[in-house]
Amino acid sequence: MGDFNQSVILEAIRRSAEGLSRIELVEATGLSAQTITNITRRLLDDGFIAEAGRTINGPGKPRVTLRLVAESRFSVGVHLDPAVITFVLLNMSGGVIHRLVVRTPDKDPRRIVETMAQTIDALIDEAGVDRALVAGVGVAAPGPLDAQKGTVIDPPKLHGWHRVPLRSVLAAATGFDVTLEKDTTAAAVGELWTGTDSTEGSFLFIYLGTGLGASAVRGGGVITGSSHNFGEIGHIMVDPEGPACSCGSRGCVEVVCTPQAIVEQAETAGVFDDDRDADDERAVEARFSLLCERAGAGDSPALAVLRRAAGHLAVLISALTNVLDVDRVVLGGPFWGRLAEVYLRELPEQLNRRSATRAVHLLPVEGTVVGDDVGAVGAACVVLDAVLTPRASDLYLDD
């Protein structure tokens, strides 16, 4: 109970931009004044919070404002993508202190783990942060995952990754506690942590990376699913007349909505000057960026490709939102920034037209507040979330 109450107090202080007095903490948390006094004294001694001046609010003595000491602890976030690996160092308030990006060396798990460990060391050294203040490392990886064992199980875009025990081998290589999370779930946690009003209501998060995924937030928490693999949407059909998929169906998200699929559609439409097919992640990313640049410049064929892709994505999102009945839709991921202008223009009306609840409420569509690094930032936030966010389940007694 003491740890839970401490989390409640820390979260209240973190969420308050101006800080809170002890009296305000009593009002915000419902805890007794004595409990607030005891726990804040311990947090002050441990350096998690600090007294930040006095305020006068009505009669009586001035109140001492307590604020989070953002530099008291840090966390590392790593986003493993088949094309690039992104690393961020966050402070306790969720602010990015330092960032590094490296190309994914190849698909060999050993080389990738070695690159991760070396870059994590470089990230911390370049930031000048004491390693003892780093609470842990969070890794966002493509699913499916075995959450209990901390293994990555045959993700579609990481060939050769058959039950790789990423959590344990990276922990051994770095000396830090490592948390492994799905990239889509991590992204939603990052949105919760950094969004100004993210704790209110519910939302569907659509993750746009080398592959596509989804996550959902309700009641201030991310829905993870019974096996921690919520959001595997690759084989949902969005175009019955689309290309054949490896699952045996046609027009699945995997072969219609991903950057590679969109680039292939652009090649078929003659958007590019040559007929060379993009056949690896780096080539796909380069062509995808060029496609988006041309669309942004008003090139009609390029714009038509992205509009068609937005239509396919609208079919997917409407199916998910009609099932989940969320308040809003948030899009993000490493490819989001290049698509934002077209998708934010095309999606709202198409989603509203397909919405089963359009007579009740509109479905707002917005981009992530975190930016393209939402996977890495979210992974680091998963570590902080485990340390700071109060959960009623923490009060359950073990059998």
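In what order do the 5 strands of the open sheet lie? They run 6-5-4-7-10, with mixed pairing; two strands count as a pair if DSSP finds at least two bridges between them.

## Before you start

This is a predicted model, where local features need pLDDT of at least 70 and side-chain atom pairs count only at pLDDT 80 or more, while totals for chains, interfaces and linings use all residues. Residues are numbered from 1 along each chain as its sequence is written, and side-chain values use heavy atoms, leaving out hydrogens and water.

Helices (H or I, at least four residues) and strands (E, at least two) are DSSP runs, numbered from the N terminus.

## The open sheet

Strand 6 (96-103) and strand 10 (178-182) are the edges, each pairing on one side only. On average, neighbouring strands here are turned by 20 degrees against each other, direction ignored. Look inside the sheet and you'll find strand 4 (residues 74-80) running antiparallel to strand 5 (residues 84-91), joined by 7 bridges. Serine 75 sits opposite leucine 90 of strand 5.

## Helices across the sheet

Helix 4 (residues 109-127) lies across strands 4, 5, 6 and 7, at about 150 degrees to strand 6. Angles run from 0 to 180 degrees between N-to-C directions, with axes fitted to C-alpha atoms, for helices over the stretch in contact.

Leaving out residues up to four places away in sequence, threonine 115 touches Phe87, Val102 and Pro105; contact means heavy atoms within 4.5 Å.

## The nonpolar core

The largest nonpolar core has 44 residues. Such a core is a set of buried Ala, Val, Leu, Ile, Met, Phe, Trp, Tyr and Cys residues joined through side-chain atoms within 4.5 Å. Among the members touching the most others are Ile206, Leu291 and Tyr343. Helix 10 gives the largest share, 11 residues. Beyond its neighbours within four places in sequence, tyrosine 343 contacts residues including Leu208, Ile262, Leu313 and Trp336.

## Where helices 9 and 10 meet

The axes of helix 9 (residues 281-296) and helix 10 (residues 300-324) come within 7 Å and cross at roughly 110 degrees. That makes helix 9 roughly perpendicular to helix 10 (65 to 115 degrees). Leu291 and Arg294 of helix 9 are among the residues making the contact, as are Ala302 and Leu306 of helix 10.

Key
Parallel < 35°, antiparallel > 145°, perpendicular 65-115°, else oblique. Buried < 20%, exposed > 50% of the residue type's maximum accessible area, 1.4 Å probe, protein only.
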